[in-house]
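Here are my notes on this one, in numbered points.

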Amino acid sequence: MTVRVVLADDQPLVRSGLRVLMADAPDIDVVGEAGTGAEAVQLVRDTGPDVAVMDIRMPGMDGIEATGLITAAAGATRVLILTTFDDDEYIYGALRAGASGFLVKDMALDDILGAIRVVAAGDALIAPSVTRRLIAEFAARPEPALHPRPVGNITEREREVLTLVGRGMSNSEIATHLYISAATAKAHVARLLTKLEARDRVQLVITAYETGLVTPPR
């Protein structure tokens, strides 16, 4: 399967360099480039890529605002933030806007290509160990969610699973904790993604915190 990608960065040399590097990956196809957030939003609407690789600081509409518009739309495009700025404020903003991953530009090319594949497959880029630290800090902040998800339509077992996802547990850890199989844990997570209209595991973690199922450590 070929992953169709849009590159959004205000520096033409950066876009050109990424395009050249990605050209050697047989399963990744760059279908367009944008120099501003507004251009990225329109390009995603026009081309329907699997992944938009998005910079944060761009003239006019920035990458975080563009990410929010892209993820709020009905399409299946996921956003991977790729920036030189790894400040926590940008990470929190990107996750709140619905990004499925966050990378910095000094990472190895193989890691960037791998991240694109992970995000395109519907998975979150953030590992459980990072999730525990990052999302706990993020969820403790007072800013309201951009896309709050009600959890009244989930079962009691799914509520238990969502709580454990919010604590940063993997599917195998959830299975051990609840005395169920890993396949059953995976199925519960899949149903939660569908019921809560969450794009990936990161958004399930955010939902667990914002609905009070998990309380950030003090």
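1. Setting aside neighbours within four places in sequence, Asp9 is in contact with Val14, Arg15, Ala34, Gly35, Asp55, Met58 and Lys105 (contact means heavy atoms within 4.5 Å). Asp9 sits in the loop between β1 and α1 (12–23). Its relative accessible area is 3%, so Asp9 is buried. For the cut-offs, buried means under 20% relative accessible area, exposed over 50%, and partly exposed in between, with a 1.4 Å probe and protein chains only.

2. A word on provenance. This is a predicted model: local features need pLDDT of at least 70, side-chain atom pairs count only at pLDDT 80 or more, and totals for chains, interfaces and linings use all residues. Residues are numbered from 1 along each chain as its sequence is written, and side-chain values use heavy atoms, with hydrogens and water left out.

3. The overall tally for the chain is ten helices and five strands. Those are DSSP runs numbered from the N terminus, with helices being H or I of at least four residues and strands E of at least two. Of the 218 residues in the chain, 49% are buried. Take the contacts between residues at least 6 apart in sequence, and 68% of them join residues at least 24 apart.

4. Look at helix α3 (residues 63–72) next. Seven of its ten residues are buried, so α3 is largely enclosed by the rest of the structure. The buried ones are Gly63, Ile64, Ala66, Thr67, Gly68, Ile70 and Thr71. At the start of α3, Asp62 has a side-chain oxygen within 3.2 Å of the backbone nitrogen of Ile64.

5. Ala94 counts as buried because its relative accessibility is 1%. Beyond the neighbours within four places in sequence, Ala94 is in contact with Ile64, Thr67, Ile81, Ala99 and Phe102.

6. Which residues of the largest nonpolar core touch the most other members? They are Ala8, Met54, Ile56, Ile70, Val79, Ile81 and Phe102, out of 26 residues in that core. At least two residues each are supplied by β1 (3–8), α2 (37–47), β3 (51–54), α3, β4 (78–83), α4 (88–96) and α10 (201–210). Apart from it lies another core, of 20 residues, with Val165, Ala185, Val189 and Val205 among them. A nonpolar core here is a set of buried Ala, Val, Leu, Ile, Met, Phe, Trp, Tyr and Cys residues joined through side-chain atoms within 4.5 Å.

7. Now the helix pairs. The axes of α8 (residues 171–178) and α9 (residues 182–195) come within 8 Å and cross at roughly 110°. Axes are lines fitted to C-alpha atoms, for helices over the stretch in contact, and angles run from 0 to 180 degrees between N-to-C directions. α8 and α9 are therefore roughly perpendicular to each other (that label covers 65 to 115 degrees; under 35 is roughly parallel, over 145 roughly antiparallel, and the rest oblique). On the α8 side the contact is made by Asn171, Ile174 and Ala175, and on the α9 side by Ala182, Ala185, Lys186 and Val189.

8. Helix α7 (residues 156–166) packs with α10 at an angle of about 105°, their axes 8 Å apart. α7 and α10 are therefore roughly perpendicular to each other too. Leu162, Val165 and Gly166 of α7 meet Arg201, Leu204, Val205, Thr207, Ala208 and Tyr209 of α10.

9. Two backbone angles deserve a look. Most residues other than glycine have a negative phi. Tyr179 has a positive phi of about 60°, and this residue is in the loop between α8 and α9. With a relative accessible area of 75%, Tyr179 is exposed. Glu197 has a positive phi of about 55°, and lies in the loop between α9 and α10. Glu197 counts as exposed, at 67% relative accessibility.

10. Is Asp200 buried or exposed? Asp200 lies in the loop between α9 and α10, and counts as buried at 0% relative accessibility. Asp200 and Val189 are eleven residues apart in sequence, and their C-alpha atoms are 9.7 Å apart in space.

Notes
Polar contact = N/O pair within 3.5 Å; in protein donor to acceptor, adjacent residues only side chain to side chain.
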